[in-house]
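Welcome! Below you will find the sequence and the model side by side, and the report after them walks through some places worth a look.

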Amino acid sequence: MKAIGYQDNLAIDNEQSLEDITLDKPTASGHDILVEVKAISVNPVDYKIRQSRPAPKGEYAVIGWDAAGTVTAVGEKVSLFSVGDKVYYAGDLTRSGSNAEYQLVDERIVGYMPASLSFAEAAALPLTTITAWEMLFDRLQVPVSKNVVGAEDIASQNSADATDVSILVIGAAGGVGSILTQLLKTRTSATIIGTASRDESVQWLKDLGADHVINHHNPLFDELQKTGITEVDYVISLNNTEEHYEEIIKCLKPQGKLGLIDDPKSLDANLLKTKSLSLHWEFMFARSMFHTPDMIKQHHLLTNVAKMIDAGEIKTTVAYHLGAITAEHLRSAHQMLENQQAHGKIVLEGWLT
């Protein structure tokens, strides 16, 4: 099968940083399904792993953690899917990734693909959707509006009247922020303040439903005051947390909550004490890495979101389609993310014959 991999941790402008290769097609067993990958999207985790994780000696490492495709085989313990099903998923950080024609993935972290989307449109969603949903409703427990809570709502325990809740989302125009903003708009009554600096990113956020957009290149607290909101209940920091940390604390109300997903070298927890602020990490691979008893929640989450998409409540976050799945195109995608040049999601679709 065709695949894209690397042997050395090289700069993205080196053609060997990601290479077109050929590997053996894997075989499904246990809870695994074998997916024929039709489209992929790219996330910051991809280039971070490419830069830092060594490949097995003498072998190629295949990364990638967002895909949509068709089930071609199932293991003997599989009960959720059948051959021919269209699926989308983010996969498992500890296993071979989606930059390959065929991939094994545990059925419990896979969802049925939205029927109304193409493979490319669906591939843009899994990792960022899981991250955003878990951050909002599992980690921060943001109240869900009562009018959207139903029997299938996995966030129903967070239901409350919370019309005065406000949330500041740093880096809101990126992949996670783009779906998180929509989830906030459709499932909560929160006032959404997103940060962006480029004109196209500002407009992107407004189109997704942000109530206010402020510039993260300026002091956040000063920018927040311009909206007429003096403090917020939640801050979700999606990038550059260390840079904004003291401003974040100024922006939070006493007893507020800070959620983050990036990798600051250090944060002084003592600064949280005076306001009794709480800190919440979201890492969407935790369930699959540790095979937690509730890892099937990601299957339910993705399937639930697919229904929301098909109902027109939220939309895909594709911003760039770079063409077929090739090493050259994938290197371009990594470079865009490394240079922080992208809003929304970058997708690739189809394999050259």
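Gln 255 is found in strand β12; here helices (H or I, at least four residues) and strands (E, at least two) are DSSP runs, numbered from the N terminus. Gln 255 is not a glycine, yet its phi is positive, at about 70 degrees. With a relative accessible area of 66%, Gln 255 is exposed. On this scale, buried means under 20% relative accessible area, exposed over 50%, and partly exposed in between (1.4 Å probe, protein chains only).

A positive phi in a residue other than glycine also turns up at His 291, with a value near 45 degrees. His 291 sits in the loop between α8 (286–290) and α9 (297–310). Its relative accessibility is 48%, so His 291 counts as partly exposed.

## How to read the model

This is a predicted model, in which local features need pLDDT of at least 70 and side-chain atom pairs count only at pLDDT 80 or more, while totals for chains, interfaces and linings use all residues. Residues are numbered from 1 along each chain as its sequence is written, and side-chain values use heavy atoms, with hydrogens and water left out.

## The six-stranded sheet

Now follow the strands across the open sheet. Six of them are lined up in the order β10-β9-β8-β11-β12-β13, with parallel pairing; two strands pair if DSSP finds at least two bridges between them. The edges belong to β10 (212–214) and β13 (278–281), and each has a single partner strand, so one side of each is left without a neighbour in the sheet. From one strand to the next, the twist averages 20 degrees.

Helix α7 (residues 241–251) lies across β8, β11 (232–237) and β12 (252–260), and runs at about 155 degrees to β12. For such angles, axes are lines fitted to C-alpha atoms, for helices over the stretch in contact, and the values run from 0 to 180 degrees between N-to-C directions. Contact means heavy atoms within 4.5 Å.

## Strand β8 and its partner

Strand β8 (residues 166–170) runs parallel to strand β9 (residues 191–195), and four bridges join them. Ser 166 stands opposite Thr 191 in β9, and Val 169 has Gly 194 of β9 as its bridge partner.

Is β8 mostly covered or uncovered? It is mostly covered, since five of its five residues are buried. In a regular strand the side chains alternate between the two faces of the sheet. In β8, Ser 166, Leu 168 and Ile 170 point one way, Ile 167 and Val 169 point the other way, and all are buried.

Asp 233 lies in strand β11. Its side chain makes a polar contact with the side chain of Lys 253, at 3.4 Å. A polar contact is a pair of N or O atoms within 3.5 Å; within protein, one must be able to donate a hydrogen and the other to accept it, and residues adjacent in sequence count only if both atoms are side-chain atoms. Leaving aside neighbours within four places in sequence, Asp 233 is in contact with residues including Asp 164, Val 165 and Ser 166.

His 280 is placed in strand β13. At 17% relative accessibility, His 280 counts as buried. The side chain of His 280 reaches the backbone oxygen of Arg 139 at 3.4 Å. Not counting residues up to four places away in sequence, His 280 touches several others, among them Met 135, Leu 140 and Leu 258.

Helix α1 (residues 44–52) has Val 45, Asp 46, Tyr 47, Ile 49 and Arg 50 buried. Their cover includes β3 (32–42), α3 (126–139) and α10 (327–338).

Which element gives the most to the lining of the largest pocket? That is α1, with five residues. The volume of this pocket is about 1300 Å³. Its lining counts 50 residues, of which Pro 44, Lys 48, Leu 238, Asn 239 and Gln 340 lie nearest its centre. On a 1 Å grid over the protein atoms alone, a pocket is an open set of points with protein on both sides within 12 Å along at least five of seven lines, and lining residues have an atom within 4 Å of a point. Grid points are joined across faces, edges and corners, and a volume is the space filled by probe spheres set on the points.

Note on methods:
1 Å grid on protein atoms, 1.4 Å probe; cavity = no way out; pocket = protein on both sides within 12 Å on 5 of 7 lines; lining within 4 Å.
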